[in-house]
Amino acid sequence: MTAGHCLLRNSLSPCDNRVPGNGCRTIDPRRRRILIKAGVHNKSNTSEDWQVREALHVYMHPFFHYTRTIIGYDIGLIKLNQSLVYTTKINRVCLPDAGVHGLVGNPELHVTGWGKTNHSQESLVLQKNQSSVRFPGRFCNDKKSYDGLVTESMFCAGYATGAIDA
């Protein structure tokens, strides 16, 4: 599982899978080799026990849409050529059944990613945030947070004090 925007062929072109003829074009593993590195904690430490797999197919949410300010239904799946072996750093993603909103307020949720640690610098070390998930509403869309940019197709995780979010 990954963010849908990571699967775009051209991340500079707005697109909308909900509109016929304006669908989003994904990267194509049949034309360009895509390698997935699992178990990476520090990008600069190549001696870590990484598992490398090749993407066979990528799937983007059918309602995915992207503009310069909003990314909706931002989720994608990658089918690998070989299963991963579970370790302390590699595990499955557990998703709720359709229609279940069990993520809300779940204190066991972990949000991870490299992301930016400030306005311009991307981290080389995996960042981890244990936080309750929140859906659009007052917390996520306050002026001091995302100022109305979190839509019904999104959720956010973080702390009211800021600095750590997803």
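Where is Tyr73 found? In this predicted model, local features need pLDDT of at least 70, side-chain atom pairs count only at pLDDT 80 or more, and totals for chains, interfaces and linings use all residues. Residues are numbered from 1 along each chain as its sequence is written, and side-chain values use heavy atoms, with hydrogens and water left out. Tyr73 is found in the loop between β5 (71-72) and β6. Helices (H or I, at least four residues) and strands (E, at least two) are DSSP runs, numbered from the N terminus.

Several local properties of Tyr73 were computed. Its phi angle is near 50°, a positive value in a residue other than glycine. With 30% relative accessibility, Tyr73 counts as partly exposed; buried denotes under 20% relative accessible area, exposed over 50%, and partly exposed in between (1.4 Å probe, protein chains only). A distance of 6.3 Å separates the C-alpha atoms of Tyr73 and His61, which lie 12 residues apart along the chain. Apart from neighbours within four places in sequence, Tyr73 is in contact with His61, Phe63, Phe64, His65 and Ser153, where contact means heavy atoms within 4.5 Å.

For the chain as a whole, one helix and 10 strands are assigned. Their order along the sequence is β-β-β-β-β-β-β-β-β-α-β. Of the 166 residues, 24% count as buried. Among contacts with a separation of 6 or more, 48% are accounted for by residues 24 or more positions apart. The protein chain exposes about 11,700 Å², and carbon and sulfur atoms supply 53% of this area. Accessible areas come from the Shrake-Rupley method with a 1.4 Å probe; for residues, only the protein chains shown count as cover.

The interior was examined in terms of nonpolar cores, each a set of buried Ala, Val, Leu, Ile, Met, Phe, Trp, Tyr and Cys residues joined through side-chain atoms within 4.5 Å. The largest nonpolar core has 11 residues, namely Leu7, Leu8, Cys15, Cys24, Ile27, Ile34, Ala55, Val58, Met60, Phe64 and Tyr66. Strand β3 (residues 51-60) gives the most to this core, contributing three residues. A second, separate core comprises five residues, including Ile70, Cys140, Val150 and Cys156. In soluble globular proteins, nonpolar side chains tend to be buried together. When residues up to four places away in sequence are not counted, Leu7 touches Thr2, Arg25, Thr26, Ile27, Val58, Tyr59, Met60, Gly76, Leu77 and Ile78.

On the surface, a nonpolar patch is formed by Met1, Tyr59, Ile75, Leu77, Val93 and Leu95, with about 580 Å² of accessible area together. Patches are made of residues with over 30% relative accessible area and no salt bridge; like charges are joined within 9 Å, and nonpolar side chains (Val, Leu, Ile, Met, Phe, Trp, Tyr) within 5 Å. Leu95 is exposed, its relative accessible area being 56%.

Charged pairs were also considered. A search of the whole structure finds four salt bridges, a salt bridge being a side-chain nitrogen of Lys or Arg within 4 Å of a carboxyl oxygen of Asp or Glu. Side chains of opposite charge can pair when their charged atoms come close. One of the salt bridges joins the side chains of Asp16 and Arg18 (2.8 Å, N to O). Asp16 counts as buried at 12% relative accessibility, whereas Arg18 counts as partly exposed at 44%.

A network of salt bridges links Asp28, Arg30 and Arg31. The side chains of Asp28 and Arg30 meet at 3.1 Å, N to O, and those of Arg31 and Asp28 at 3.8 Å, N to O. Asp28 is found in the loop between β1 (15-16) and β2 (35-38) and is buried, with a relative accessible area of 15%. Residues up to four places away in sequence not being counted, Asp28 touches Arg9 and Ile34.
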